[in-house]
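My entries follow in the order I made them.

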Amino acid sequence: GLPGFSNPDADGNWVGIDVDVCRAVAAAIFGKGGDEKVEYFQTSASERFTKLQNNEYDVLSRNTTWTLSRDADIGLTFNGVNFYDGQGFMVRKDSGITSAYELDGVTICTNTGTTTELNVADFMTYNGFDYELLAFVKADEVRAAYDAGRCDVHTTDKSGLAAQRTQLSQPSDHLVLPETISKEPLGPVTREGDEVWSDIVYWVLNALITADELGIKSTDVKTLVDDLTQTPEVQRILGGGDQDTGAYLGLKKDWAYWAIFEVGNYGEMYERNVGLDTPLQLGRAGSANAGWKDGGLLYAPPIR
C-alpha cells in the first residue's frame, strides 16, 4: 500500500516501481503481453521473508532494504537495487521542529519488522534522546496513527514519507526533515539456492537500467531492433542480429526487448511512478537514482 512503489490504483490494478519490476520479469519470460502474467500477493514487513521462504510467491518486490543479515543469514538473494533511498523523519510544521537533532522526548510511529525500526533506535540512543516508539504491522496503520496525532513523528524511507504525506488529511501541514540517517538500497529478493531464477530477476532489472543509459525507450524498440546502424550494445540488448544473450538465462533472445517494450526503461518507470509529474514529486536529476554518467549510483554490469 505504498503509492509510487506498490499500490492499487482507482481500478484496483497494482502499480508502482516495485510492481513494474515484476511486470518486466514476466514480460522477459512470456514475451508480448507477458507483463500481465503476474499474480500479486499482499504481505506485511514482518511476514514478507517467511512467506518468500515458504514458496508463497517467487519474487519479493516490496521496497526491501539489502542488508548483510538478510542476505547471508536468513536465506535470501538480493537481485540488484531499483531504488536508492535513506531514512528520514516527518513532523507537523506547527511543532516547530526543523531538524532530527531536535527530537528529544518525542513519540515516533514506524513499521515493525523493518530496518526503519532498528535505525531509529540506533539514532535516538546514540544521540541520548528519550523517545517512545509505536510500531505497527502495516504502513497505512502507521500513517493513520500519525495523522490522528498518536505520535509526533513518522519515520520510514524518505520516498515512503513522500508517498505517505500525499495520503494525510492535510498534506501541506507536514514537513520532512532534512537529515537522512541511513542507507536504504531497495530491490527485488528471491530465495537463496535458485540461482537460475535469481539470475533472471537480476538481469531483467539490469536490462531496464542499461536501456535507460543507452536511451532505449519503450516507444523505440520496434524501430531499433532491426536498425543495423545502432551500436553492437544496443543490438545485443534487443536481441537483434545474431545476438542471443537470452540463452544464458534459458530465455528467448528477445527477452530484454519485451521487458523494455511492455514496461519501459528505468527512467520511464521512475518518472511514471514517482517523478516530478506524480504526487510524490521526487526529482531524479542529482539524486542517487540518476544514472552513473549523470552523477548517480545506477550502474548495471554489461549485458554480453
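I looked up Glu47 and found its side chain in a salt bridge with Lys51, at 3.5 Å from N to O. I count a salt bridge when a side-chain nitrogen of Lys or Arg is within 4 Å of a carboxyl oxygen of Asp or Glu. Glu47 is partly exposed, with a relative accessible area of 39%. My classes are buried under 20% relative accessible area, exposed over 50% and partly exposed in between, with a 1.4 Å probe and protein chains only.

The model is predicted: local features need pLDDT of at least 70, side-chain atom pairs count only at pLDDT 80 or more, and totals for chains, interfaces and linings use all residues. Residues are numbered from 1 along each chain as its sequence is written, and side-chain values use heavy atoms, with hydrogens and water left out.

Next I looked up Lys293, whose side chain meets that of Glu213 in a salt bridge of 3.9 Å, N to O. Lys293 lies in the segment after α11 (266-274) and Glu213 in helix α7, so this pair ties together parts that are 80 residues apart in sequence. Helices (H or I, at least four residues) are DSSP runs numbered from the N terminus, as are strands (E, at least two). Lys293 is exposed at 60% relative accessible area, and Glu213 is partly exposed at 31%.

I then searched the whole structure and got seven salt bridges. One of them joins Arg23 to Asp35, with the closest N and O atoms 2.9 Å apart. Arg23 lies in helix α1 (residues 17-30) and Asp35 in the loop between α1 and α2, so the pair ties together parts twelve residues apart in sequence. Arg23 is buried at 16% relative accessibility, and Asp35 is buried at 9%. A network of salt bridges links Asp20, Arg23, Asp35 and Arg272.

Arg62 sits in the loop between α2 (48-53) and α3 (68-72). A polar atom of the Arg62 side chain lies 3.4 Å from the backbone oxygen of Thr43.

In the loop between α2 and α3 I also checked Asn55. Asn55 is not a glycine, yet its phi is positive, about 65°. Asn55 is exposed, with a relative accessible area of 53%. Asn63 lies in the loop between α2 and α3, and its phi is also positive, near 30°.

Notes. A polar contact is a pair of N or O atoms within 3.5 Å; within protein, one must be able to donate a hydrogen and the other to accept it, and residues adjacent in sequence count only if both atoms are side-chain atoms.
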